[in-house]
Amino acid sequence: MSVNFFFLKNPPVFSEETDLGPTGDFYQMTKDYGYSVDRKYKPKSSIMIDAQNGQILWQDNPDEIRDQGSMAKAMTMFIVYEAMSEGKFGMDTLITATSTDQQISQVYEVSNTPIVEGVKYPVSELIKMSFIPSSSASTIMLANLVSDNDAGKFIDIMNEKAKEIGMTNTHFNNCSGAQAAVFKGLYTPEGYNPNESNQTTARDYSILGFNIVNKHPEILEITKNAKLTIMQGTPYEENVQNYNYSLPGNIAPNGQSYSYEGVDGIKTGSSPIADYNYMATCKKNDMRVVEVIMGVGNWDDEDSEFNRHLYGNALLDYAYSNFSKEVILPAGKHDIDSEKVKTDDDLVAVKPKDIDGKFSISGEDIIYNSPLPFVTKSIPQIKVAYKKAGLLSFSKRASNDKKSTSKNSGFSHFIKTSFLIFILLLFCLLTPNRIKNHKKSKFIISLKIFSLLSIVYLVLSMIINIF
């Protein structure tokens with residue numbers, strides 16, 4: 001396959017593999033947008049999709065199998081929110097920390113927060129700990145809550161959920177991102193190899209991000225925070241910082257700001273196997289996107305952590321420079337597939353600024369045939385319902401409606417009309433034309449003429465309604 005390259009201010013260039021979408025030289029594109037980066041930090045895999053319809057806005061090697069590191073916690077939290085939506089527990093549910101929980105929180109090889117045996121931790125606080133300082137202990141406590149303390153069962157749930165939402169190249173072996181063996185026997189999911197890491201792809205994790213922002217957008221109320229205070233007002237209060245340095249107001253440990261307007265989540269992750277990963281969502285100009293960047297730099301090079309945000313921010317610049325959320329088909333009358341149609345609602349979608357898609361009719365909907373591919377075939381089509389328009393179509397529809405109405409109410413109408421005709425005929429036949437009072441005689445004659453005209457009208461109405 002030949003490679004097509006993107007250049008600044010040019011419209012998106014599409015891969016010859018049309019299921020992939022726009023592609024190019026990520027390093028050169030980042031440089032073109034004014035970011036000072038070294039090619040050695042270029043992500044090994046990346047993708048960006050629009051969060052409304054799941055169209056691919058950018059891709060570079062999106063299907064390479066990789067370890068996602070602590071981004072695994074995003075799937076764990078997604079399942080926790082799914083369980084809460086099903087009423088299994090709530091944000092105020094308390095989990096009493098066990099001795100094992102406390103020992104897990106003391107494993108220095110993984111990111112953590114202190115957990116104290118016997119302390120009751122609200123689910124809401126454990127979620128904050130899992131997302132912001134990336135606590136492995138709090139993540140495992142929440143996983144145990146969902147699975148009734150069956151670690152293997154929870155991994156089963158993770159893998160089932162991945163299949164359900166279309167993550168076809170993903171397999172989990174742990175819930176936190178660190179191999180189970182790292183926990184020294186304190187965390188042992190039955191049926192899973194404790195030395196195996198998780199496996200996924202950038203494409204699959206963008207699908208997870210798509211589901212998170214659409215099904216549980218309340219998660220962003222937590223992940224948007226650059227800093228948080230956990231267990232506030234208790235002896236276990238602690239101030240924590242988000243590892244997502246692209247969040248507005250966040251300052252990285254190197255003293256630099258990588259803030260990007262509109263970024264409000266979701267999760268970072270890194271490991272000796274994964275290097276540095278980044279799944280983020282951003283909403284700007286009324287357009288929300290999800291980006292996933294995997295394998296930035298090298299685990300032993302601390303600058304890799306910061307460079308993932310330079311590449312991520314450049315990708316956001318690319319998205320908002322080349323794509324926009326627009327009314328692609330306004331409500332009203334249109335000519336599509338040689339049909340005159342009418343829509344009651346605007347059709348809104350993200351599209352390349354300089355490239356238009358085409359429309360076609362399928363069943364009762366107008367389909368937008370986007371020039372951009374969908375990240376997965378399970379994403380619904382971009383469509384809007386329509387009605388036929390134009391004189392001929394209106395006449396046909398009116399005729400069909402009339403026939404349908406006559407089937408249901410024609411007989412009832414016939415009975416009522418016949419009864420009225422019968423009463424009017426009786427009036428005409430039984431009432432004399434002339435009576436002694438001349439004025440009354442004229443009135444009776446006029447009334448009979450009106451009655452006869454009414455009979456004619458009723459008969460014609462009955463014929464029109466039935467036939």
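Predicted model: local features only at pLDDT ≥ 70, side-chain atom pairs only at ≥ 80, totals over all residues.
Q: What share of the contacts comes from residues 24 or more positions apart?
A: Counting contacts with a separation of 6 or more, 62% are between residues 24 or more positions apart.

Q: Sheets next. What is the strand order in the open sheet of five strands?
A: The order is S2-S1-S9-S8-S7, and the pairing is antiparallel.

Q: Which strands stand at the edges there?
A: Strand S2 (56-60) and strand S7 (263-271) do. Each has a single partner strand, so one side of each has no neighbour in the sheet.

Q: By how many degrees are neighbouring strands turned against each other in that sheet?
A: On average by 5°, ignoring direction.

Q: How many bridges pair S1 with S2?
A: Four bridges, with strand S1 (residues 45-50) and S2 antiparallel. In one of these strands, S2, Trp 58 is the bridge partner of Met 48.

Q: Which helix packs on this sheet?
A: Helix H9, residues 303-322. Helix H9 touches S1, S2, S7, strand S8 (275-284) and strand S9 (287-296), and its direction makes about 145° with that of S9.

Q: What about the open sheet of three strands, what order is that?
A: S14-S15-S16, with antiparallel pairing. Strand S14 (358-362) and strand S16 (383-385) are the edges; each has a single partner strand, so one side of each is left without a neighbour in the sheet. Neighbouring strands in this sheet are turned by 25° against each other on average, direction ignored.

Q: How many bridges join S15 to S16?
A: Three bridges join S16 to strand S15 (residues 365-369), and the two run antiparallel. Asp 365 stands opposite Ala 385 in S16.

Q: Change of topic. At what angle do H5 and H6 pack?
A: Helix H5 (residues 136-147) and helix H6 (residues 151-164) pack at about 90°, and their axes are 9 Å apart. That angle makes H5 roughly perpendicular to H6.

Q: Which residues of H5 and H6 meet?
A: From H5, Ala 143, Asn 144, Val 146 and Ser 147; from H6, Ala 151, Lys 153, Phe 154 and Ile 157. By class, five residues in this contact are nonpolar, two are polar and one is charged.

Note on methods: Residues numbered from 1 in each chain as written. Heavy atoms only, no water. Contact = heavy atoms within 4.5 Å. Pairing = 2+ DSSP bridges. Axes fitted to C-alpha atoms, helices over the stretch in contact; angles between N-to-C directions. Parallel < 35°, antiparallel > 145°, perpendicular 65-115°, else oblique. Nonpolar A, V, L, I, M, F, W, Y, C, P; charged D, E, K, R; others polar.
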